[in-house]
Amino acid sequence: MTENPRTRETRPQAAPASSRSGAVRETRTAQVRPRTEGWTQQKDAEGRPLLQFASPKRGKPPVHLADLTPAERTEKVKELGLPGFRAKQLSTHYFRHYTSDPEQMTDLPADTREQLVAGMLPSLLTEVRRLETDRGDTIKFLWRLHDGALVESVLMRYPGRITLCVSSQAGCGMNCPFCATGQAGLTRNMSTAEIIEQIVRANRLIADGGLGGKKADDHSMERVSNIVFMGMGEPLANYKRVMDAVRSMVAPQPDGLGMSARGITVSTVGLVPAIKKLADENIPVTFALSLHAPDDHLRDELIPVNSRWKVDEALDAAYEYYAKTGRRVSIEYALIKDMNDHAWRADLLAEKLNQRGRGWVHVNPIPLNPTPGSVWTSSEIPVQNEFVRRLNDAGIPTTLRDTRGKEIDGACGQLVATTEDEAASAAMS
Ligand code: SF4
């Protein structure tokens with residue numbers, strides 16, 4: 001069916017209680033329907049957007065020190081015919097000095113360094129491209145994995161923190177119609193070490209003074225302090241490797257990166273069983289639910305996994321995460337003009353959140369970039385402000401989020417899409 005993105009329709013029948021009581025007066029509002037632009041969503045046998053949960057079988061990346069537990073690292077070093085304690089030395093180089101360069105490992109016997117590095121620290125990410133803002137305080141990396149798959153990470157300096165947005169899968173199987181990453185489906189899950197290596201490479205760059213925006217009189221040793229799993233992929237669809245990576249992030253150095261779990265945000269579009277599992281992990285990460293619509297009517301189209309787990313189920317699981325961990329949950333909400341930014345949707349969202357309790361949740365509306373002519377364009381500023389005001393007035397702490405990173409290349413996955421397009425054009429010319 002050809003959809004007209006600018007059709008007007010009345011809002012869904014089941015209006016929220018606040019509307020019924022007259023608190024919201026709009027009667028007919030523009031409703032832009034989600035649709036893909038310039039690509040066709042793959043559909044399943046029933047004609048619904050295809051969801052891929054299992055990673056296609058591809059050659060696995062080489063096993064790396066960061067894939068192994070400390071005990072397994074020792075065993076592996078012994079298998080290489082070297083004393084087990086070398087594993088700790090290698091871990092120190094990797095997790096504390098952010099290096100895989102044998103030349104720099106001067107505490108290791110010269111004749112074994114190459115062998116140790118080849119066996120324990122194989123190359124996982126090749127930098128293909130780097131984009132940065134004028135001030136150099138935001139850097140987007142495009143990496144090639146061992147099998148040619150491409151992924152991205154974005155490094156951002158904020159006052160008092162340095163955040164890295166990491167990828168957890170090459171491609172993504174969740175098929176969201178607005179997302180460049182989802183277009184080609186899921187290529188494969190990333191390994192634990194491929195996830196960790198994004199952080200180690202960022203830390204190396206920071207240690208070398210490559211991240212701009214540092215004050216001239218600041219001589220502190222810096223490194224990535226915050227991780228957000230909001231690059232390519234649905235992290236909870238690659239649950240085991242993502243959780244192993246989180247364990248390595250929080251493990252004290254030199255066994256891991258020694259980061260604070262609170263600075264790590266694991267986000268999902270709503271894989272309910274995995275959210276429940278995450279709540280039982282006993283690692284106090286920040287949990288974020290990318291909701292983007294409070295009603296199933298819209299969310300079924302906007303986030304196809306909603307056909308599997310509905311808004312209320314996702315919110316119940318998010319609340320359960322809070323109840324079990326005591327960690328306040330973030331709700332991510334991209335504000336899209338005339339699609340999901342209606343005042344009644346702010347009221348409905350507030351109502352659904354308040355139904356489950358008070359003080360358990362924080363909402364982060366994220367304005368999209370203005371894209372003239374696209375159905376995926378930013379809400380007007382007054383509309384954004386009204387959306388935020390209604391949530392705050394209803395007692396839900398709400399703050400508009402910064403959209404850093406977008407200025408250098410749009411939403412997640414766009415750099416990969418651009419590079420693949422260029423490669424395709426080059427191949428055709
Ligand atoms: S928005 Fe996120 S979950 Fe949806 S297709 Fe893109 S990467 Fe996957």
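Tutor: Start with Ser267, which is found in strand S10. Keep in mind that this is a predicted model.

Student: OK. Is Ser267 buried, exposed or partly exposed, and why?

Tutor: Ser267 counts as partly exposed, because it has 18 C-beta neighbours inside 10 Å and the cut-off for buried is 20 or more.

Student: What does Ser267 touch?

Tutor: Leaving out residues up to four places away in sequence, Ser267 touches Val228, Phe229, Met230, Pro235, Ala288, Ser290 and Glu332. Ala288 is also the bridge partner of Ser267 in S11.

Student: How do S10 and S11 pair, and over how many bridges?

Tutor: Strand S10, residues 264–268, and strand S11, residues 286–290, pair in the parallel sense over four bridges. Another bridge to look at joins Val266 to Phe287 in S11.

Student: And Ser290, where does that lie?

Tutor: Ser290 lies in strand S11. With 21 C-beta neighbours inside 10 Å, Ser290 counts as buried. Apart from neighbours within four places in sequence, Ser290 is in contact with Ser267, Thr268, Val269 and Glu332.

Student: How many residues of S11 are buried?

Tutor: Five of its five residues are buried. Thr286, Ala288 and Ser290 are on one side, Phe287 and Leu289 are on the other, and both faces of S11 are covered.

Student: What packs on the sheet there?

Tutor: Let me give the sheet first. Nine strands form an open sheet with mixed pairing, in the order S3-S4-S5-S6-S9-S10-S11-S12-S13. Strand S3 (126–132) and strand S13 (361–367) are at the edges; each has a single partner strand, so one side of each has no neighbour in the sheet. On average, neighbouring strands of this sheet are turned by 20° against each other, direction ignored. Helix H9, residues 311–325, packs on the sheet and touches S11 and strand S12 (329–335). The direction of H9 makes about 170° with that of S11.

Student: Changing topic. Which residues does UniProt annotate as "active site"?

Tutor: The UniProt annotation "active site", from an unreviewed entry, covers Glu152 and Cys412. Glu152 lies in strand S5, residues 150–158. Glu152 counts as buried because it has 26 C-beta neighbours inside 10 Å.

Student: What about "binding site" in UniProt, where is that placed?

Tutor: The unreviewed UniProt entry places it at Gly233, Glu234, Ser267, Ser290, Leu291, His292 and Asn369.

Student: Now the helices. At what angle do H2 and H3 pack?

Tutor: Two packed helices are described by the angle between their axes and the distance between the axes. Helix H2 (residues 70–79) and helix H3 (residues 86–96) pack at about 115°, and their axes are 8 Å apart. H2 passes H3 in a right-handed crossing.

Student: Which residues make the contact?

Tutor: On H2 they are Arg73, Thr74 and Val77, and on H3 they are Arg86, Ala87 and Ser91. By class, that contact has two nonpolar, two polar and two charged residues.

Student: Last one. How many helices and strands does the protein have?

Tutor: The protein has 13 helices and 13 strands. Of its 429 residues, 44% count as buried. Among contacts with a separation of 6 or more, 70% are between residues 24 or more positions apart.

Definitions and conventions. Residues are numbered from 1 along each chain as its sequence is written. This is a predicted model: local features need pLDDT of at least 70, side-chain atom pairs count only at pLDDT 80 or more; totals for chains, interfaces and linings use all residues. UniProt positions are given in the numbering used here, feature names are shortened, and annotations may be inferred rather than shown by experiment. Helices (H or I, at least four residues) and strands (E, at least two) are DSSP runs, numbered from the N terminus. A residue is buried if 20 or more other C-beta atoms lie within 10 Å of its own, exposed if 12 or fewer, and partly exposed in between; C-beta atoms are placed from the backbone. Axes are lines fitted to C-alpha atoms, for helices over the stretch in contact, and angles run from 0 to 180 degrees between N-to-C directions. A crossing is left-handed if the near helix is turned anticlockwise from the far one by less than a right angle, and right-handed if clockwise. Two residues are in contact if their C-beta atoms, placed from the backbone, lie within 7 Å. Ala, Val, Leu, Ile, Met, Phe, Trp, Tyr, Cys and Pro count as nonpolar, Asp, Glu, Lys and Arg as charged, and the others, Gly among them, as polar. Two strands pair if DSSP finds at least two bridges between them.
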